[in-house]
Amino acid sequence: MRSYQHHLQQLSGHAITATFRKPTFRSSAIFPVIHLPGITTRICYLGYWMIKRSIGQIHSVVTLRTSDGDILYRSNKLIEEPRAYRIEFSELLKKLDLEEHIEFLGSLEVEFFSAHDLVFPYPAVVVNYYGPGFSSVVHTSQRIFNDIEDRSSNLEVMVPEAGFTIYVTDDREPFFTFINGFEQVNEGTVKMLFYNHRQEVLEQELLIPELLPYQTTMIYPSHSLDLLGFLDGMPGTAKITFDVKWVFPRIIAGNYQKSLNAVSVTHTYYDCSGADSDSDYWDEAQTDSGYHGASLMIPLSILDERFTNVHLYPIYSPSEFELDVEIYSSNGTLLAAELQTRHLLSPGGRMEIIELKSICSRLGIVQEQAKGAKLIARPVQGSRLPARIKIGLDYGINAAALPCNICKNMEVWNPRLEQKKRSFHWAPVLADQADSVVWLVNSAPIIQYDKEAEVQLTFYREADTNTLIRHMYIAPNGTEYIRLSEDEELQIFFRGHIGWYTAISANPYLATYYLSESSSGVVGGDHDF
């Protein structure tokens with residue numbers, strides 16, 4: 001784990017970082033491949049290098065490996081066009097003359113090479129696990145390090161992976177999966193801590209005598225633990241420590257729903273509960289400075305049986321802080337606020353859940369009016385505010401199917417952002433599902449926020465380099481959304497295939513999210529790049 005200040009310096013082009021930063025000519029991602037009856041895997045990305053960085057050519061290498069790390073297939077491709085790209089596991093099976101209905105666990109690595117500086121070693125790539133009635137997606141998690149400098153800078157401190165929600169019922173069970181790097185691990189262990197709503201902790205340790213180079217490991221903890229009785233029908237969370245070498249330890253975790261034969265996935269995050277150095281906290285914003293300590297604006301989806309929940313995990317640096325919730329209409333009008341919605345004392349022993357639909361009901365807000373919720377974090381007097389306040393953002397259609405579990409950080413106050421001349425965001429449109437939704441929000445950790453966002457949305461598809469462009473204005477603390485089932489023009493443009501969008505604005509505080517509402521009721525989604 002690198003410090004949050006180090007992370008922000010890299011994102012902002014800080015002068016010291018720019019002077020000493022080593023150029024990046026290889027960017028990569030490696031994902032678990034899950035291919036079971038009704039479930040398969042694909043990797044999707046946009047030729048954003050041509051759009052964002054004006055790089056004319058990118059060379060890509062795709063490598064498919066078995067669960068033991070053996071190479072099954074490798075190919076290379078020259079990318080020169082700003083359009084949508086897709087790597088389907090089922091198509092790789094055909095090239096290997098293998099049966100489409102085989103069961104397979106392995107990994108798929110995609111590497112991008114350029115003669116020009118790519119800046120980030122993480123590429124903007126998503127993995128999409130999908131089937132006839134569901135689609136779940138998450139962005140790049142693990143990657144093989146480029147060199148020793150890359151490895152050292154990203155592993156300043158080793159901490160458990162955490163920050164995700166698990167469900168254990170007769171119909172649902174959690175899983176997580178990780179891939180080793182190119183060096184074998186001997187006598188490794190996997191340590192798991194599970195947390196329930198009663199602040200109890202259940203521990204398990206697995207011994208892995210040998211972990212081969214590039215080996216893929218998948219663990220279903222409820223197969224060996226009584227998590228059903230431990231969680232007692234309530235959501236829970238976990239912390240995981242495991243041994244891998246030469247690979248970034250962020251992993252994919254999720255839940256499997258047996259009756260729907262579907263999965264919902266997210267990526268893990270740092271457990272910061274033991275991180276208490278000065279770099280693990282943010283400068284406290286003063287009220288008279290005009291800034292909140294940290295805030296986050298999220299879209300609200302609460303019509304009919306839909307729900308939006310915020311999950312707060314026991315992973316924050318030692319601190320004491322409170323969360324307020326403000327509810328806004330689509331045009332940025334403050335409808336009502338609930339102060340001190342949650343009081344958090346870290347280290348804690350359980351996951352807290354904020355049900356935004358219930359808050360709107362308590363405040364007397366009509367569901368049709370509520371379009372955005374602003375979470376505001378305030379340190380309790382005498383405490384410092386953690387630099388990382390990670391939440392799980394859950395959107396669901398109904399209680400009968402798995403929601404998504406988007407990993408998102410609250411935005412700490414950072415006046416340097418005022419100097420940014422534009423924001424550039426991009427993400428996929430999961431147009432092959434029953435319904436796809438793109439949300440745009442305009443908000444900041446500024447107490448009296450008054451900046452409108454003029455946005456140019458450009459849509460890209462896989463078939464060719466044709467684009468569809470739209471313009472919109474988003475009010476301060478406002479939201480806009482595009483629902484594909486209600487947009488005939490976009491339906492014709494995408495033709496039932498996955499596409500992408502870019503959102504460009506002179507406003508540095510623009511953010512977007514995307515969802516896939518599937519016919520089974522399972523929701524997939526993530527934040528943008």
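The legends below describe close-up views of a predicted model. Residues are numbered from 1 along each chain as its sequence is written. In this predicted model, local features need pLDDT of at least 70 and side-chain atom pairs count only at pLDDT 80 or more, while totals for chains, interfaces and linings use all residues.

**View 1. The cis peptide bond between Ser 346 and Pro 347.** The bond that joins these two residues has an omega of about 10 degrees. Pro 347 lies in the loop between strand E23 (334-346) and strand E24 (352-355), strands being DSSP runs of E with at least two residues and helices runs of H or I with at least four, numbered from the N terminus. Most peptide bonds are trans.

**View 2. Positive phi at Ser 54 and Val 119.** Ser 54, with phi near 55 degrees, is found in the loop between helix H3 (48-52) and strand E3 (58-66), and Ser 54 is exposed at a relative accessible area of 64%. Val 119, with phi of about 70 degrees, sits in the loop between strand E6 (104-113) and strand E7 (125-131) and is buried at 19%. Buried means under 20% relative accessible area and exposed over 50%, with a 1.4 Å probe and protein chains only.

**View 3. The largest cavity, with a volume of about 80 Å³.** A cavity is a set of points, on a 1 Å grid over the protein atoms alone, where a 1.4 Å probe fits but cannot get out, and lining residues have an atom within 4 Å of a point; grid points are joined across faces, edges and corners, and the volume is the space filled by probe spheres set on the points. The largest cavity is lined by 14 residues, with Thr 165, Asn 255, Ser 264, Pro 403 and Asn 405 nearest its centre. Strand E16 (252-257) and strand E17 (262-267) are the elements that give two or more residues to this lining.

Key:
Heavy atoms only, no water. 1 Å grid on protein atoms, 1.4 Å probe; cavity = no way out; pocket = protein on both sides within 12 Å on 5 of 7 lines; lining within 4 Å.
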